[in-house]
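Student: I have this one open beside its sequence and would like to talk it through. Could we go from the overall fold down to one pair of packed elements?
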Amino acid sequence: MSVSSANPREHPTGYLPTGNDIQRNIVSRRRWGLVWQIIFLSSLLIGLLALLTLLYTIVDDSFGYIAVQTKIDPEELSDRPLEELSKEELIEILRANVSAGLFRRFDRDEPFAERSKESVLQLIEERVIGREVVAAYKLTESLLERERIEVTVRERFPRAELEFHSWINPDFLTRPMSSVPILAGIGNAILGSLWVIAITMLLAVPIGILGGVYLEEYTSDAWYYRLIETNINNLAGVPSIIYGILGLAVFVRALEPITSGAAFGVTDSNGRTIISAGLTMALLVLPLMIINAREAIRAVPQSIRLASYGLGATRWQTIWNHVLPNALPGILTGMILSMSRAIGETAPLIVIGASTFIVFNPDSVFDKFTVIPIQIYNWTSQPGSQFRSIAAAAIIVLLVTLLLLNATAILLRNRFRRSY
């Protein structure tokens, strides 16, 4: 009896379908293929829908009508626009419209001789003019329900003026923090994030590449190397707040003379500085960098190494001239992933003492700092629709900053990929 006509129960491994069984088998496979194709497509559509919903929510909160009222009309303070006045004229306006004790406190916190004109103008807007957002509306209802909004504002806030406002504007990108939402900015948070991510990448990238090269090219299959590899893989999955606790214990406290700048002559700081944050974030992304570097180096064909050895090159010459250039695109991919994780982390920086409210821009690695995710967290925890609006604007700034940094790394990766 041939195998094709055998009873499948007697020959379960050698039975081949014949006749109508072939057609039924093809129909069944196509049906299951279509089912899985629908499942895969549905998963993709659900992911895209979730992303679009997130983006819509953020944009909807970042634009819309606001009702603004002031305690004093700016025209009552001067017959010229305040922006055209000199710093000395602005100081006199401030002196004449606040109490003497409050004026002395402002001068004590930061002498007016050292303040910029923009800083004095912001004090006047906050303390004298008192420009306050009494109602804020989302973009959707601003476009679809304008008449209702106008009636509501006239009834509830007769002194308020209704205006269409974009929470993302040049002032928002350059101004420091403020307790008044409409005057708040994210300039110092952007600088803080760039400082931290720069220190993180300067430390994590070279150490990660060197560690990956050593583990992939120089180590043997000894038990202690396998132990190191296992620990690195485990460290990549450790919760980020654990690294924050480590940074607090080591960089903020144990190494405070260095991280505060006291060893270099800085006297008005402590260990809760930019360099402590950068070191902590470098530890956070270092396991990820090492793993990605190893995978990229491992993907380089062995024939390239053997050809280099055959021409008399040493191991280091082979690594430097052939392995690393070919692995560089993969290494840059790992750098993109590490940068994306580092710029969005909040928990470690809160643990080591990042500020939630500072009004100055960091000038050195020994300054106090804040970053964009912490400002977003701080604003979302505040009551009031205005704080949700500036938090949404800050989220857009964070996404754009991340995309710009990633785009730079992607361009470098593509360039090296074409070169090698």
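Student: How many helices and strands does the protein chain have?
Tutor: This is a predicted model, and in it the secondary structure of the protein chain comes to 18 helices and three strands.

Student: And what radius of gyration does the protein chain have, next to a compact globule of 420 residues?
Tutor: The protein chain has a radius of gyration of 30 Å, whereas a compact globule of 420 residues would have one near 22 Å. Along its principal axes, the C-alpha trace spans about 110 × 65 × 40 Å.

Student: What share of the residues counts as buried?
Tutor: Of the 420 residues, 40% count as buried. As for contacts with a separation of 6 or more, 74% of them are between residues 24 or more positions apart.

Student: Switching to helix packing, at what angle do H3 and H5 pack?
Tutor: Helix H3, residues 87-97, packs against helix H5, residues 117-129, at an angle of about 25°, and their axes are 9 Å apart. Angles under 35 degrees count as roughly parallel, which is why H3 is described as roughly parallel to H5.

Student: Is that crossing left-handed or right-handed?
Tutor: The crossing of H3 and H5 is left-handed.

Student: Which residues meet there?
Tutor: From H3, Lys 87, Leu 90, Ile 91, Ile 93, Leu 94 and Asn 97 take part, and they meet Lys 117, Val 120, Leu 121, Leu 123, Ile 124 and Val 128 in H5.

Student: And how does the contact of H3 with H5 divide by class?
Tutor: The contact has nine nonpolar residues, along with one polar and two charged residues.

Key
Residues are numbered from 1 along each chain as its sequence is written. This is a predicted model: local features need pLDDT of at least 70, side-chain atom pairs count only at pLDDT 80 or more; totals for chains, interfaces and linings use all residues. Side-chain values use heavy atoms; hydrogens and water are left out. Axes are lines fitted to C-alpha atoms, for helices over the stretch in contact, and angles run from 0 to 180 degrees between N-to-C directions. Helices (H or I, at least four residues) and strands (E, at least two) are DSSP runs, numbered from the N terminus. Angles under 35 degrees count as roughly parallel, over 145 as roughly antiparallel, 65 to 115 as roughly perpendicular and the rest as oblique. A crossing is left-handed if the near helix is turned anticlockwise from the far one by less than a right angle, and right-handed if clockwise. Contact means heavy atoms within 4.5 Å. Ala, Val, Leu, Ile, Met, Phe, Trp, Tyr, Cys and Pro count as nonpolar, Asp, Glu, Lys and Arg as charged, and the others, Gly among them, as polar. The radius of gyration is taken over C-alpha atoms; the globule rule is 2.2 Å times the number of residues to the power 0.38. Buried means under 20% relative accessible area, exposed over 50%, partly exposed in between (1.4 Å probe, protein chains only).
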